[in-house]
Amino acid sequence: MSVSAIAKTEKKINELLPKSPEGMAVTLFVIAMASYYLWRMFAISPNYDELYTFYYFISKGPLYSAVHWPLPNNHVGYSILSSMLYRFGNSYIALRGVSYVAAIANLILVYRICRKYYSHAIPFGAVVLYASMQIVNDYSVLGRGYTLATTCFLLSIYYIGYICRLGTEKKSYYFLFGGTLVLGMYIVPSSIYWVVPVWASGAIFLFINAMRSKGVFSS
């Protein structure tokens, strides 16, 4: 390996490492929560809803999960992703693996969103507060789509923040934002309750900002 390649590798590693005590604290906290969620993933017995989802949808494959929707709360999008994991042959991973990854991603997203608008210890405090909520803990690795739908909600907040700040400079964010809204409703239909407010708030902000740039609201 050349000297330049080694230097580039060290630079990438340094970019990934936390550069502040808060960043180190968040990293250690996420690792601790990942270990805790992994324990919950295998230690807690599945409930009726999880077993129903597994036996009637996940275990039958992605295509079956996608085209069979006899009830409005079958969490179709989640079942499709989980049925792909079922190819590994482990029922617990197939049932709860997607929620496990989503639960960890949510901690990171909460931190990154708060870090954009706040400083000092507030982002880390937000992550701890989010993880300490009972409903978040109870649904963290549940074999249903609630945690994954929360990931879509947080991603939509993350992307709309960039859209409102950058406008049309990054058009890819518009597609990513729209994708999170569609996937959120495909995972849990009741996501419509957050999809509409997030979309509407972004649209209103962009409309007002456009009118302001044209001098409509100038005195």
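## Overall fold

From the N terminus on, the elements of the chain run α-α-α-α-α-α-α-α-α-α-α. That comes to 11 helices and 0 strands. The model is a predicted one.

Of the 219 residues in the chain, 37% are buried. Take the contacts with a separation of 6 or more: residues 24 or more positions apart account for 67% of them. The chain exposes about 13,100 Å², and carbon and sulfur atoms supply 68% of that area.

## Helix α2

Helix α2 covers residues 21–43. At 1.5 Å a residue, its 23 residues should span 33 Å. The end C-alpha atoms of α2 are 33 Å apart, which agrees.

The buried residues of α2 are G23, V26, F29, V30, M33, A34, Y37, R40 and M41. An α-helix has 3.6 residues a turn, so residues three or four places apart point the same way.

About 190 Å³ of space lies in the second largest pocket. Its lining consists of Y37, A103, N106, Y130, I135, V136, Y139, S140, Y146, T147 and T150. Helices α6, α8 and α9 (146–166) are the elements that give two or more residues to this lining.

By type, the lining residues divide into 7 nonpolar, 4 polar and no charged.

## V101 on helix α6

V101 sits in helix α6. Is V101 buried or exposed? V101 counts as exposed, because its relative accessibility is 54% and the cut-off for exposed is over 50%.

V101 and V141 are 40 residues apart in sequence. In space, their C-alpha atoms are 8.6 Å apart.

## Helix α11

Helix α11 takes in residues 192–213. Its 22 residues should span 32 Å at 1.5 Å a residue. The end C-alpha atoms of α11 are 31 Å apart, which agrees.

Which residues of α11 are buried? They are W194, V195, V198, G202 and M211. What covers these buried residues includes α9 and α10 (172–187). Helix α9 also gives two or more residues to the lining of the second largest pocket.

Notes: Residues numbered from 1 in each chain as written. Predicted model: local features only at pLDDT ≥ 70, side-chain atom pairs only at ≥ 80, totals over all residues. Heavy atoms only, no water. Helix = DSSP H or I, 4+ residues; strand = E, 2+ residues; numbered from the N terminus. Expected span 1.5 Å × (residues − 1). Buried < 20%, exposed > 50% of the residue type's maximum accessible area, 1.4 Å probe, protein only. 1 Å grid on protein atoms, 1.4 Å probe; cavity = no way out; pocket = protein on both sides within 12 Å on 5 of 7 lines; lining within 4 Å. Points joined across faces, edges and corners; volume = space filled by probe spheres on them. Nonpolar A, V, L, I, M, F, W, Y, C, P; charged D, E, K, R; others polar. Contact = heavy atoms within 4.5 Å. Areas by Shrake-Rupley, 256 points an atom, 1.4 Å probe, with all protein chains shown as cover.
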